[in-house]
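Work through these exercises with the structure open. Try each task before reading its solution.

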Amino acid sequence: MVDEEKPPTPPSAPPPSGEGEGKPESQQIQIPEVLPLLPVRDVVVFPFMILPLFVGRESSVAAVNDALSKDRMILLCAQKQMTDENPVPEGIHPVGTASMIMRMLKLPDGRVKILVQGLARARIKEFTQATPPYFARVEMLMEPPPGELTLEVQALMRTVKENLEKIIQMGKVMSPDLVMVLESISDPGRFCDLIAANIGMGVEEAQQLLEIMEPRQRLQKVNEYLNKEVELLSVQAKIQNQAKEEMNKTQREYFLREQLRAIQQELGEVDEKGAEIAELKEKIAKAKMPEEADKEANKQLKKLEMMHPDAMEASTVRSYLEWLVELPWSVFSKDSLNPKKAKKILDEDHYDLDKVKERILEYLSVRKLNKKMKGPILCFVGPPGVGKTSLGKSIARAMGRKFIRMSLGGIRDEAEIRGHRRTYVGALPGRIIQGIKQAGTHNPVFMLDEIDKLGMDFRGDPSAALLEVLDPEQNFSFRDHYINMPFDLSRAMFITTANQMDPVPSALRDRMEVLELPGYTLEEKVAIAKQYLIPRQMTENGISTKLIEFTDEAIEGIIGQYTREAGLRNAEREIANVCRKVARKVVEGQKEKVKITAAALHSYLGPPYFLPEEEQEKDEVGVATGLAWTPTGGEILQVEASITNGAKNLILTGHLGEVMRESAQAALSYAKKRAPAFNLPENFFDRKEVHVHVPAGAIPKDGPSAGVTMATSLVSAMTGIPVRRDIAMTGEITLRGRVLPIGGLKDKALAALRNKIANVIVPERNRKDLEDIPKNLREKIKFIFVKTMDDVLEVALVDGTKELSKLTRKTGSKKTRRARRAKSTQAIRPARSSEAGRAKIAAR
């Protein structure tokens, strides 16, 4: 049974209209000093506001029952957090509204529904009961009497009323009698409270308004809110009108199309839909798809036939069918399997690169014997400008296949490889399937450029998607997300390129056959420039051999003084620069043939970019020449070491990486260990500051192969013996002085040759790598193989064997050195016993 209690109208309730407006609220209503507190969640109650509340919390129901048992007065305050089930005193706003419970109804689910009327603003002074249900001592907040209305207040009230009428006209749901009631209210405070109670303000904004006592400020606050509502409703109406116009346009186009179709049928014209279905059916038959793909294509065609041509899904199905029928399921290029002819083509396009050419010719030979052989997965690794991409084009030409190139640099989305699923708007197949379609054959030469520059983010890992593409055991049934049919990629020949293999994941690296393309020697570069680069640039710049001639010295000058690279990209730019200047002279009227000599390069290209450095022209103490490998080829490093008096410290400068810093630490430990052998005390480094610097300081450097160079420069600085300027070295060092093998030997040897260094110290275990170095290069460089640092010092230091043997003899036998140290210790001990001796030691 539902109990309902309907109290009589309270005698002290405020009058409904302007009656009694001149009196403060506290004088009209007798409110007790202590009231039960009811926290409310999502509403702020204003004075003169009547609204129903549902009360469900036990503490809140107890507060309501307490109010009903006395004078029906209760304090309504908003919670600071709406989700707080059991708010503490600190979680309740201190300013609320003293209200009267007008009606109460008990609901079957245990809740209570009450109808309350706000009477006056009140502030909590203290909680008389700090546990639920709460009771609070309150003070009434006195609103200043309205008095005579100023022009500003009247203008504000009129503006607020006009804005209120605007939002009602624009569709804001509100009581229709509100504007009429406002006409009879002249008190600005009550005017504001009535509007705020009916326009649906947020809890925070309404609470701020409740806490403002000055009526003019409240009017301004309400006016700001109404202006914002007018703007929001204007934008909302604009969006709705646009949507309505678009919908009307779509409906109009639909009716026009239907009328056009009916007219065409009356005229006996061909049905476009039927013609399209017939055309797709014919294409499916000609495509000669595998059974699974053919079955899916016919299924989608039947689906399209039953659809309305203007349906949204029809365009998706149509695009899918077009992709299916345009893929070369059964179209193959006929391979040219003549190794002699292929070799001729490869030699025409590229100089040297015998190892790569040999591998291609082997593939063609095996392919001729085994027609079902799967395509190889090759990876060309080398610095920029050595011809990796152009080599792929030559391979396609030699084999008689189409060539497709896809750049992987910067790709971060897996869908670029596998494609998007058809459920997405604007979905397309991946770049692999797109390339196959572009080639028009099932077996193109597919080049994946810059595989070492793949990225990865939240959209997936493209390198993981490539695992299936580049695996001969899996790519026979590659499944693109868009096509969603197995497509055989094993007949295609995939070639990838990279500048370095370190960034390539090991799983992907394992699926590829890596072929290294190191840099070229000066002779090779000159031959390539004469055979390929100069003719190409002459053609591109519109000049012939009758107008320009390059001497061998000029070509060597361009390569040696204006470029420093493993490949030939910058050399071709400089040759193009010379050709452009000659072309300008020809256009201006010069008819004589221009001969480009080494002396004339300055007038065409300006001063040389690269010159031998001064410190390379003499032997110096503490300066050793090292060899380093970079993605752009080999480089030389000048390692400088300095040992000065000071605090025991090791300073490393030159933008060194972590591995190179560790190499310097190992070199210093070796030098400390060998100090007694060089006639130096064991505590030589105790009061020495060691500084190792590797120019240039702005370029980052890292790697372990500079260990022997650092150790040599440190030993030179310790002993004062200069390091030979005509020798370069590379190798990793251990604490015991062993020299470990390194990589990139050919690039490093080329770097030494470019800098006119004919002697290179190499670890003994790198002797096997000489087979990869051309014979003409081995004849120009003397490779010195070493096993330990002692071997390095004997060769690298000036008269190393002679000078080191002198120092070793000076040290004497172990017994002599032990006796000398004991004698010096006995001489020092007595001195420490006296103050004069201690002073002498301190001065020393």
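**Exercise 1. Helix packing**

Task: Determine how close the axes of helix 18 and helix 20 come, and at what angle they cross.

Solution. Take helix 18 as residues 522-540 and helix 20 as residues 569-587. Their axes come within 9 Å and cross at roughly 45°. Axes here are lines fitted to C-alpha atoms, for helices over the stretch in contact, with angles from 0 to 180 degrees between N-to-C directions. Helices (H or I, at least four residues) and strands (E, at least two) are DSSP runs, numbered from the N terminus.

Next, classify the angle. Helix 18 and helix 20 are therefore oblique to each other. The classes are roughly parallel (under 35 degrees), roughly antiparallel (over 145), roughly perpendicular (65 to 115) and oblique for the rest. Helix 18 passes helix 20 in a right-handed crossing.

Now list the contact, meaning heavy atoms within 4.5 Å. Helix 18 contributes A529, L533, I534, R536, Q537 and M538. Helix 20 contributes E572, I575, A576 and C579. Sorted by type, the residues of this contact are seven nonpolar, one polar and two charged. Nonpolar covers Ala, Val, Leu, Ile, Met, Phe, Trp, Tyr, Cys and Pro; charged covers Asp, Glu, Lys and Arg; polar covers the others, Gly among them.

A note on the source: this is a predicted model, in which local features need pLDDT of at least 70 and side-chain atom pairs count only at pLDDT 80 or more, while totals for chains, interfaces and linings use all residues. Residues are numbered from 1 along each chain as its sequence is written, and side-chain values use heavy atoms, with hydrogens and water left out.

**Exercise 2. The largest nonpolar core**

Task: Find which residues of the largest nonpolar core touch the most other members.

Solution. A nonpolar core is a set of buried Ala, Val, Leu, Ile, Met, Phe, Trp, Tyr and Cys residues joined through side-chain atoms within 4.5 Å. Buried means under 20% relative accessible area, exposed over 50%, and partly exposed in between (1.4 Å probe, protein chains only). The largest core has 55 residues, and F380, I395, M493, F550 and I596 touch the most other members. Helix 18 gives the most to this core, with seven residues. Then inspect I596. Beyond four places in sequence, I596 touches I548, E549, F550, T551, A554, V578, V582, L601 and Y604.

**Exercise 3. A buried lysine**

Task: Is K357 buried or exposed?

Solution. K357 has a relative accessible area of 7%, so K357 is buried. Leaving aside neighbours within four places, K357 is in contact with L346, D347, H350, Y351 and D352.

Key:
A crossing is left-handed if the near helix is turned anticlockwise from the far one by less than a right angle, and right-handed if clockwise.
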